[in-house]
Amino acid sequence: MADWATDFDHTTDQWAADAPGIWERLRTTCPVAHSDRFGGTWLPTRHADVAAIAHDTDHFTSNSVIVADYRPDVPAPMGFAPPITSDPPFHEFARRLLLPAFSPKAIAVLEEPTRAFCSALIEELLESGPEVDAATGYAQHIPVRVIAHLLGVPPEDGDRFRRFIHRILERPGQAGPVDPSDMLTTYLEGVVADHRRSPRDDLVSYLIDLEIDGVSLSDQHVIGTIALLLIAGIDTTWSAIGASLWHLAQHPEDRARLVAEPEVMTFAVEEFLRLYAPVTMARIVARDTEIGGCPVAEGDWVLLPFPAANRDPEAFEDPERFVVDRERNRHAAFGLGIHRCLGSNLARLELRVAVEEWLRRVPDFELSDPDAVRWSTGQVRGPRSLPVRVLS
Amino acid sequence: MVRIVFDRAACVGHNRCYLLAPALFDVDDEGYAVPLVEGELPAELEAAARLAADNCPEFAITIEGGDA
């Protein structure tokens, strides 16, 4: 068995099978774990340490947010995918260009199309019989469709997006040689060229047309931001939807409560996000400092496991328990500090609508093969295979 | 007297207050909270204010006075 305190590897199946258990054991035995892998990586598991790092942009750079064997090739303060890979002060400039498109009021108009899409997906899925995969047959398709609509890229490119994302997030640096024509940046260069030829009312055209003091954004900035919106919005959201359905499949009392009292959903969504937060971010130490008393050196990787922070008993009462109507819930599923997930309102909307529509059509269901449930490796955690049996 | 205090500098736009206590918080075009009530809280909004405070990940909302 691996020694998670001194030699962890979050990209292995062994990690994926038991990440919450590993976090809990580390928090009580070695709250700031270390591994020599990836050139040196730290793993804090206490809420206080995760929060302190997320709020400290002086000592920790966001130049790369995915721990891998290679180092970022687009320098700070912009990084490859602004604003998530950007540091102050450039970060605020890049983020403010996007904030209005993702405000709760701007996002609200997507509720009805998302609901119609979820509902149609379920009907189609159930035609194949009462045993279905709720992850690959349902959850996976929802954010792809919504993001494609928002960005203005063809929804039938969904399989390509998922391939890019899998390479980047689940097996960083392990994919081997990739045909350049099948690379995310090559694909996005095509998307941008197409929008330059025929502009339309979507986020890609918005970014291309933007002028700040008469100057357009650089191609690197435009392509990096589109890459961010594509990568960040898909695996994360289907992970949250899948994990929520995994929970509900095993908890008839929570299903019954949500069906009987739909107003509890506001709290349930945040509790799903707390207990099954999909996203672990990362930083690179910019200047020697310490994490919870543990010295860390410039250039070290630091994982920021928001899901582990969300299970810290110092920050949450009875943290390992799912409380469908939890009233005190300062969860950090969308991060903390200036990099708070830009798409949080969209993700929350998709999660709520996806669960509501599922329960409306499938109020009663169970795992058909619990051993076949497989959780993803890497920094985005969710079920990648979720066989369920529809009971009513 | 129960008062609500909002720390604008701490708000990063999680929008939890706007969802849970829309009578107390609106959001601006960039998604940052805009307090609709500042200082003394009407009694009927106390519960909503505590809910907003208890769910702000950045501890940007504080309730002063009262029993909790």
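Predicted model: local features only at pLDDT ≥ 70, side-chain atom pairs only at ≥ 80, totals over all residues.
Okay, one term before we start: when I say two residues are in contact, I mean their C-beta atoms, placed from the backbone, lie within 7 Å.

Which residues of H8(A) meet H12(A)? On the H8(A) side we have A:Ile142, A:Pro143, A:Val144, A:Ile147 and A:Leu151. Across from them, H12(A) brings in A:Ile226, A:Leu229, A:Leu230, A:Gly233, A:Ile234, A:Thr237, A:Trp238 and A:Ile241. Sort the residues of that contact by type and you get 11 nonpolar, 2 polar and no charged.

Now the geometry. H8 of chain A covers residues 141-151, H12 of chain A covers 219-250, and their axes sit 8 Å apart at an angle of about 155°. Anything over 145 degrees counts as roughly antiparallel, so that's the label H8(A) and H12(A) get. As for handedness, the crossing of these two helices is right-handed.

Staying in chain A, have a look at A:Asp182. You'll find A:Asp182 in the loop that links helix H9 (158-170) to helix H10 (184-197). Buried or exposed, then, for A:Asp182? Exposed: A:Asp182 has 12 C-beta neighbours inside 10 Å, and the cut-off for exposed is 12 or fewer. Going back 19 residues in sequence from there takes you to A:Arg163, and the C-alpha atoms of A:Asp182 and A:Arg163 are 9.2 Å apart.

Next, over to chain B and its strand E1, residues 3-6. What does E1(B) pair with? One partner is strand E4 of chain B, residues 39-40, joined to E1(B) antiparallel by 2 bridges; there, B:Ile4 is bridged to B:Gly39. Strand E5 of chain B, residues 61-64, also pairs with E1(B), again antiparallel, this time over 4 bridges. In that pairing B:Arg3 has B:Glu64 as its bridge partner.

Last stop, the two chains together. How many residues of chain A are in contact with chain B? It's 21, and they touch 16 residues of chain B. On the chain A side, the elements giving two or more residues are helix H5 (104-107) and helix H16 (344-361). By type, that side of chain A splits into 8 nonpolar, 7 polar and 6 charged residues.

That's what I had; happy to go back to any of it.

Terms used:
Residues numbered from 1 in each chain as written. Chains lettered and ligands numbered in written order. Nonpolar A, V, L, I, M, F, W, Y, C, P; charged D, E, K, R; others polar. Axes fitted to C-alpha atoms, helices over the stretch in contact; angles between N-to-C directions. Parallel < 35°, antiparallel > 145°, perpendicular 65-115°, else oblique. Left-handed = near helix turned anticlockwise from the far one by under 90°. Buried ≥ 20, exposed ≤ 12 C-beta atoms within 10 Å, placed from the backbone. Pairing = 2+ DSSP bridges.
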